[in-house]
2 protein chains.
Amino acid sequence: MNVKNDAERPLEVTAVSAASPEAPPGYSLDAFHNGGFYVLQPEAEGHRAGLDAMLLAATVSADATGALADLGAGAGAAGLAVANRLEGMQIVLVERAPRMAQCARMTIEHPLNASLATRVRVIEADVTLRGEARCAAGLADRAFDHVIMNPPFNSARDRTTPDELKAQAHAMDSADLFEQWLRTANAILKQGGQVSLIARPESLADILAGLERRFGGIEITPVCPRTGDDAIRILVTAVKGSRARLLLRDRIVIHEGAGRDFSPLANDLANGGRDWPRRTRRSAQKRTK
Amino acid sequence: MNVKNDAERPLEVTAVSAASPEAPPGYSLDAFHNGGFYVLQPEAEGHRAGLDAMLLAATVSADATGALADLGAGAGAAGLAVANRLEGMQIVLVERAPRMAQCARMTIEHPLNASLATRVRVIEADVTLRGEARCAAGLADRAFDHVIMNPPFNSARDRTTPDELKAQAHAMDSADLFEQWLRTANAILKQGGQVSLIARPESLADILAGLERRFGGIEITPVCPRTGDDAIRILVTAVKGSRARLLLRDRIVIHEGAGRDFSPLANDLANGGRDWPRRTRRSAQKRTK
């Protein structure tokens with residue numbers, strides 16, 4: 001397994017070479033969950049699905065059921081990872097970019113994913129649609145039990161030296177993005193439904209502001225490359241209408257030992273071997289003692 | 001060292017018995033930093049200074065200089081811990097409650113603290129004072145290089161089963177508290193000055209909201225009782241006027257091994273053996289490469 005996880009770019013996992021005979025020209029076919037499912041991705045695209053998507057999918061617990069929306073699904077890796085782990089779930093991949101939505105459709109129709117195809121479909125729509133336009137696109141009010149999202153982030157700031165105007169523009173973009181995406185998540189979730197997202201720690205304030213007055217029971221898990229490193233991602237879950245207090249959980253460490261080997265936990269999460277369930281849903285009774 | 005650190009109450013360290021002959025009747029005299037300084041505390045009070053105060057003090061780095069204000073200082077443990085580590089710093093303990101302010105004065109005047117006494121003084125004032133009233137109390141605009149705070153929190157919610165009205169009241173109190181205390185911190189800090197606080201993770205949204213548009217370069221360190229436990233505290237630092245992005249650092253683990261033994265890191269931080277400096281100030285050049 002080839003893994004890159006620099007803080008400067010999305011976490012990547014590439015398991016099957018782009019030269020695979022199963023992939024159409026211009027695409028790669030990447031295996032996830034040790035070959036449990038495959039994702040077609042344009043070879044030329046900068047962003048490739050990987051560990052981010054697998055960690056996000058792991059936040060949907062092993063006992064989850066019902067309908068799930070993957071907002072900004074891209075080629076569909078996170079939604080398919082949930083479908084592959086949880087046979088009882090119906091998955092909707094929501095993607096605005098026509099090229100990526102087409103990729104997601106080709107992924108679902110690929111013979112290697114035949115076992116998942118009947119439970120996954122694509123909606124080509126903008127996550128920020130509101131009201132009737134959103135419903136008309138197929139994202140009805142209170143229709144979902146789970147929403148997962150790996151929002152796009154502008155990585156320009158990470159590669160440039162500080163520039164106040166750019167930094168401000170970036171901050172506004174981030175605040176708008178989480179406000180709009182979490183507004184949609186709230187609208188399409190049933191009461192008690194769970195939202196999950198993976199993002200950069202620098203978006204924490206925007207995420208908490210977007211969750212406020214809509215969601216409670218916020219649980220944050222930092223993701224650190226190695227012991228002692230700053231977190232490069234946060235996994236956040238919350239429950240619509242909950243009033244439970246925020247929990248900050250111990251971090252997930254990606255690498256242990258020499259080289260680029262995954263820690264046992266990260267390896268299990270990356271390959272669908274286990275979930276990363278919420279604490280409060282599992283031990284609600286214990287916590288009120 | 002006798003340590004209690006249940007999530008339900010403040011972290012406590014008690015090193016010297018209340019029967020010490022040095023303590024006036026009704027008070028205990030507690031040693032910190034392996035006897036580097038002592039704090040007089042009323043025996044009857046529920047809240048006792050301890051590990052919270054020592055961790056907070058550690059966020060003032062070994063190369064810090066100038067004037068420091070300890071807001072809501074209580075008996076003065078955190079401010080005295082800074083004074084004991086950093087001989088170049090002038091410390092102002094700000095405390096509203098007359099009984100605790102008196103305790104802080106008696107602590108400073110105690111013969112065992114003679115080496116610190118000339119650099120520490122007490123201002124009996126409410127942290128939430130504004131404008132001229134604040135300045136008249138001795139907290140002038142832009143007068144300090146560092147502000148540290150361990151704001152009081154209402155622990156009632158932790159011991160009761162969920163009650164929506166109480167929970168709401170608590171949330172509003174917390175938002176007001178951080179807004180008001182961070183407003184004062186901002187007012188009395190020089191540009192580029194550092195604020196440090198220790199709080200519960202559930203206050204994260206209120207803290208980030210209070211820091212917004214005043215401070216940047218936010219650095220959050222979770223504090224977990226043991227590996228795998230949820231954080232029971234967060235250490236937060238930020239810099240007035242900075243635009244650096246938020247960092248979420250790897251956690252501090254308090255206990256390692258069997259029993260209640262401190263981890264080597266927690267022991268060093270508790271006893272003044274090392275600091276917990278910010279990342280960005282130390283490696284600003286590296287980070288812009």
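These legends walk through several close-up views of a predicted model.

Residues are numbered from 1 along each chain as its sequence is written, while chains are lettered from A and ligands numbered from 1 in the order in which they are written. Because the model is predicted, local features need pLDDT of at least 70 and side-chain atom pairs count only at pLDDT 80 or more, whereas totals for chains, interfaces and linings use all residues; side-chain values use heavy atoms, with hydrogens and water left out.

**View 1. Chain A as a whole.** Let us start with chain A, which has 10 helices and 13 strands. Both kinds of element are DSSP runs numbered from the N terminus: helices are H or I runs of at least four residues, and strands are E runs of at least two. Of the 289 residues in chain A, 57% are buried. Here buried means under 20% relative accessible area, exposed means over 50%, and partly exposed is in between, with a 1.4 Å probe and protein chains only. Take the contacts in chain A between residues at least 6 apart in sequence: 69% of them join residues at least 24 apart. A contact means heavy atoms within 4.5 Å.

**View 2. Helix H7 of chain A meets helix H7 of chain B.** Two packed helices are described by the angle between their axes and the distance between the axes. In this view, helix H7 (residues 204-211) of chain A packs against helix H7 (residues 204-211) of chain B at an angle of about 115 degrees, and the axes are 10 Å apart. The axes are lines fitted to C-alpha atoms, for helices over the stretch in contact, and angles run from 0 to 180 degrees between N-to-C directions. A:Leu204, A:Ala205 and A:Leu208 from H7(A) meet B:Leu204, B:Ala205 and B:Leu208 from H7(B). Sorted by class, this contact has six nonpolar, no polar and no charged residues. Nonpolar covers Ala, Val, Leu, Ile, Met, Phe, Trp, Tyr, Cys and Pro; charged covers Asp, Glu, Lys and Arg; the others, Gly among them, count as polar.

**View 3. Helix H7 of chain B and the residue that follows.** H7(B) is mostly covered, with six of its eight residues buried. Those buried residues are B:Leu204, B:Asp206, B:Ile207, B:Leu208, B:Gly210 and B:Leu211. After H7(B) comes B:Arg213, with a positive phi near 65 degrees. B:Arg213 sits in the loop between H7 and strand E10 (215-224) of chain B, and is exposed because its relative accessibility is 76%. Most residues other than glycine have a negative phi.

**View 4. A positive phi in chain A.** A:Arg142 is a residue other than glycine with a positive phi, near 50 degrees. Look for A:Arg142 in the loop between helix H4 (131-137) and strand E8 (144-149) of chain A. With a relative accessible area of 54%, A:Arg142 is exposed.

**View 5. Stacked phenylalanine rings.** There are two aromatic pairs over all chains. The rings of A:Phe32 and A:Phe37 have centres 5.6 Å apart and planes at 15 degrees, so this pair is stacked. Rings of Phe, Tyr and Trp (its six-membered ring) pair if their centres lie within 6.5 Å; planes under 30 degrees apart count as stacked, over 60 as edge-to-face and the rest as tilted. A:Phe32 and A:Phe37 are both buried. B:Phe32 and B:Phe37 also form a stacked pair, 5.6 Å centre to centre and with 15 degrees between the planes. B:Phe32 is buried at a relative accessible area of 3%, and B:Phe37 is buried at 0%.

**View 6. Inside the largest nonpolar core.** A nonpolar core is a set of buried Ala, Val, Leu, Ile, Met, Phe, Trp, Tyr and Cys residues joined through side-chain atoms within 4.5 Å. The largest one has 72 residues, of which A:Leu71, A:Val195, B:Leu71 and B:Val195 touch the most other members. Leaving aside neighbours within four places in sequence, the contacts of B:Leu71 include B:Val94, B:Val127, B:Ile148, B:Trp181 and B:Ile188.

**View 7. The surroundings of A:Thr128.** A:Thr128 is found in the loop between strand E7 (120-124) and H4 of chain A. Its relative accessibility is 24%, so A:Thr128 counts as partly exposed. Although A:Thr128 and A:Trp181 are 53 residues apart along the chain, their C-alpha atoms are separated by 6.2 Å. Not counting residues up to four places away in sequence, A:Thr128 touches A:Gln180, A:Trp181, A:Arg183 and A:Thr184.
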